[in-house]
Amino acid sequence: MNEKHYVLTKEQAQKYVNQLMEDVPYNINIIDQDGTIIASGDPDRIGNFHFSGKKAFQRKAKVLVYSDQDGERQGANEPVTIQGKIICVVGISGAPEEVQNYTKLLSSMIKLLIEQEVDAMLSMQKKQDDEMFMNDLIQNTQGIYEEDIRKLASDKYHIDLTQSVTVVLSKEANALKQLAQSLKLTIFTYQSDALLLVNTNVVSREHIKALTDDGTWVDSGQNIAESIANIQQTAIYFSLLQLDHTGPVFVKDHPFYLFTPGIFKKDDVLFERVDQMEDELATTLAIFIKHNLDTRATSEELFIHRNTVNYRLEKIHRQTQLNPRNIIDLFVLLVYLGYKIKPNTRH
C-alpha cells in the first residue's frame with residue numbers, strides 16, 4: 001500500500017470526526033473529492049453535497065463560506081494533503097473568522113492520523129509478507145527452491161538461495177538486533193522464535209559472536225528447513241544435559257543435530273520404558289552423560305553420594321533394560337531421552 005493511493009473510507013472518516021470533536025467545539029465535516037459529506041458530527045448532513053468542499057478540492061486551497069446557502073453552512077474548508085495528493089477536505093461549521101484557524105490544525109491532525117494508519121497497515125502487510133516467505137522456506141524440506149521464491153529472496157531480502165545460508169535464531173528478537181542492523185537484515189518470526197537469514201559468505205563467526213547475545217543458535221547450509229531442525233534438535237540436548245552456552249551456539253560444533261528421527265528407528269516398547277522413567281533418574285542420567293560417565297563429577301553436581309549415583313544407574317538398567325555403562329545402550333538412552341523431552345522443550 002502507498003500513501004499516494006490511499007482512499008479514505010466513510011468508516012475511517014467518521015472515526016476521525018468522532019475523535020476530533022471531543023476537543024473542538026464546532027461541527028466537523030469530512031468531504032470527498034466528489035463534494036459529498038462522508039462523515040460529520042451532524043448525522044443529517046452525511047451524504048449531502050458540499051459545494052465549497054468540492055471547490056476546496058479543485059482549488060487545492062482553503063475555502064471560506066460567509067453565509068448559509070444551498071445546503072451549506074458558514075465555515076471554513078481545508079484540504080488534507082499527503083505527498084501532494086488531496087485525500088479529503090475537512091470543514092468546520094461556524095463563523096469563518098472564528099473557525100478558519102482550526103481547519104489548518106484539523107487538516108494536520110487528520111493527516112497525522114492517516115499516516116499512522118498507513119504505517120500500521122504497511123507494517124502489518126510487511127509482517128504478513130515476511131511470514132508467508134518464511135513459511136514457504138520451511139515447508140520446502142528438500143531445500144530446492146523455485147524461481148519465484150529465489151527471486152523474492154534476492155530482490156526483497158538480499159538472500160541468494162542457490163548458495164549456503166546461515167540461520168541465526170534466538171528466542172528474543174533483541175538478541176539479534178545488532179547483527180540485523182549491521183547487515184540490514186530482516187528479523188523473521190518462526191513459531192515463537194526470531195531468526196535471521198544471511199548468506200554464509202557474508203557473515204563470519206566472529207561477526208555473529210560480537211553482535212549477538214546469549215541464547216543464540218547458528219547453523220548453515222543450503223536447506224533452511226533442515227538448519228532450523230538442526231538448531232531445534234541441538235537445543236533439546238543442551239536442555240537435557242544442562243549444558244551452558246554463553247554466546248552463540250554453532251550447531252555443527254556439536255553432534256546432537258545428527259540425532260534426527262529420520263535416521264534412527266524407534267522401538268515403541270523400549271521407548272515406553274524410557275518415557276516412564278522418573279525425572280530424578282532422567283536427570284541423573286543426563287548429568288552422567290554430561291560429565292562423560294564420571295560418577296564423581298555427577299555426584300558433586302547433584303550433591304549426592306557416588307553410591308547413590310550408582311544405585312540410580314542400576315535402577316535405570318532394571319527399568320529400561322538398557323545399561324547406561326554400555327556404550328550402545330547409552331546411545332539409545334540418549335536418543336530416547338531426546339524423544340522424551342522434545343514436546344515440552346523450549347530453548
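These legends go with close-up views of a predicted model.

This is a predicted model, where local features need pLDDT of at least 70, side-chain atom pairs count only at pLDDT 80 or more, and totals for chains, interfaces and linings use all residues. Residues are numbered from 1 along each chain as its sequence is written, and side-chain values use heavy atoms, with hydrogens and water left out.

**View A. Helix H3 meets helix H4.** Here H3 (residues 96-139) and H4 (residues 147-157) have axes that come within 11 Å and cross at roughly 135 degrees. (Axes are lines fitted to C-alpha atoms, for helices over the stretch in contact, and angles run from 0 to 180 degrees between N-to-C directions; helices, H or I of at least four residues, and strands, E of at least two, are DSSP runs numbered from the N terminus.) That makes H3 oblique to H4; angles under 35 degrees count as roughly parallel, over 145 as roughly antiparallel, 65 to 115 as roughly perpendicular and the rest as oblique. On the H3 side, the contact (heavy atoms within 4.5 Å) includes Phe133 and Leu137, and on the H4 side it includes Ile149 and Tyr157. Sorted by class, it has 6 nonpolar, no polar and 4 charged residues. (Ala, Val, Leu, Ile, Met, Phe, Trp, Tyr, Cys and Pro count as nonpolar, Asp, Glu, Lys and Arg as charged, and the others, Gly among them, as polar.)

**View B. Helix H10 packs on helix H11.** The axes of H10 (residues 295-302) and H11 (residues 306-320) lie 8 Å apart, at an angle of about 105 degrees. So H10 is roughly perpendicular to H11. Look for Arg296 and Leu302 of H10, and Arg306 and Leu313 of H11, among the contact residues. This contact divides into 3 nonpolar, 4 polar and 3 charged residues.

**View C. An open sheet of 5 strands.** The order is S7-S8-S6-S9-S10, with mixed pairing; two strands pair if DSSP finds at least two bridges between them. S7 (188-190) and S10 (249-250) stand at the edges with a single partner strand each, so one side of each has no neighbour in the sheet. S6 (residues 165-170) and S9 (residues 216-221) run antiparallel, joined by 6 bridges. Val167 has Asp219 of S9 as its bridge partner.

**View D. Lys60 and its positive phi.** Lys60 isn't a glycine, yet its phi is about 55 degrees. You'll find Lys60 in the loop between H2 (51-59) and S3 (63-65). At 60% relative accessibility, Lys60 counts as exposed (buried means under 20% relative accessible area, exposed over 50%, partly exposed in between, using a 1.4 Å probe and protein chains only).
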